Amino acid sequence: MSGKTSRTVIRRSKSVDAGSAVPRVGIGYDVHAFTIGRKLILGGVHIPYRLGLLGHSDADVLLHALCDALLGAAALGDIGKHFPDTSAKYKNVSSLRLLRNVRRLLTKHNFRIVNLDTTIILQQPKVLRYSPQMIYNIATALALKPGQISIKATTNEGIGFIGRGEGCAALAIATILPSKT
Ligand SMILES: [Zn+2]
């Protein structure tokens, strides 16, 4: 009888653990304008193009959306809160550094990343062939496997500011789990 009771207790404590490991999801969106005299950096990759994106850091729109998705999933605010564009510290900084800092914040708050899905939205140039290098950069910065990261790209069908080639946007979704402590 007492043995049965202890087994019940063990089962109950296991179900409590499972309940605490509920995945959390965060969304990120970013947009930057194209301009002359800047490099086009997406996912930490320099993509040859006549224009680059305007911004305080390297204006890596994909990594900024990813940072926001990760911070959002952990309810830790957004990229502007942690890396203000008024700070000289982040002027022209590689956004891979920001991504590594976001990983440190998540680790500090006992979260681990499950998977990331992203979409880059731009009319030109074609960027999908650079996605293996982008995935490698993101996987390295976040200590993930390439299979945990998805990068998609689409045009805006010629409509609006993205369709006219005036800017580039990115969407990201991150799934995270509380780490075992
Ligand atoms: Zn940005």
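Reader: Why is Val-114 called partly exposed?

Author: Val-114 has 15 other C-beta atoms within 10 Å. A residue is buried if 20 or more other C-beta atoms lie within 10 Å of its own, exposed if 12 or fewer, and partly exposed in between, with C-beta atoms placed from the backbone. The count of 15 falls in between, so Val-114 is partly exposed. Please note that this is a predicted model, in which local features need pLDDT of at least 70 and side-chain atom pairs count only at pLDDT 80 or more, while totals for chains, interfaces and linings use all residues. Residues are numbered from 1 along each chain as its sequence is written.

Reader: Which residues is Val-114 in contact with, leaving aside its neighbours within four places in sequence?

Author: They are Pro-23, Thr-175, Ile-176 and Leu-177; a contact requires C-beta atoms, placed from the backbone, to lie within 7 Å. Val-114 and Ala-174 are 60 residues apart in sequence, yet their C-alpha atoms are 7.6 Å apart in space.

Reader: In which strand does Val-114 lie?

Author: Val-114 belongs to strand S5, which covers residues 111-121. Strands (E, at least two residues) and helices (H or I, at least four) are DSSP runs, numbered from the N terminus. The protein chain has six helices and seven strands.

Reader: What makes S4 and S6 edge strands?

Author: Five strands form an open, mixed sheet in the order S4-S1-S7-S5-S6. Strand S4 (52-53) and strand S6 (149-154) each pair on one side only, and they are the edge strands. Two strands pair if DSSP finds at least two bridges between them.

Reader: How do you know that S5 pairs with S6, and how many bridges join S5 to S7?

Author: S5 and S6 share six bridges in the parallel sense. The definition asks for at least two, so S5 and S6 count as paired. S5 and S7 run antiparallel and are joined by 10 bridges. Asp-117 stands opposite Ser-150 in S6 and opposite Ile-173 in S7. Thr-119 has Lys-152 in S6 as its bridge partner.

Reader: What unit do S5, H5 and S6 make?

Author: They make a right-handed β-α-β unit. Helix H5 (residues 131-142) lies across S5 and S6, at about 145° to S6; axes are lines fitted to C-alpha atoms, for helices over the stretch in contact, and angles run from 0 to 180 degrees between N-to-C directions.

Reader: What makes the largest nonpolar core a core, and which residues touch the most other members?

Author: A nonpolar core is a set of buried Ala, Val, Leu, Ile, Met, Phe, Trp, Tyr and Cys residues joined through C-beta atoms within 7 Å. The largest one has 44 residues, and Leu-42, Leu-62, Leu-66, Cys-67, Leu-70 and Leu-99 touch the most other members. H2 gives the most to this core, with 10 residues. Beyond four places in sequence, Cys-67 is in contact with Gly-28, Ile-79, Leu-98, Leu-99 and Val-102.

Technical notes
Two residues are in contact if their C-beta atoms, placed from the backbone, lie within 7 Å. A crossover is right-handed if, with the strands pointing away from the viewer, the path from the first strand over the helix to the second runs clockwise.
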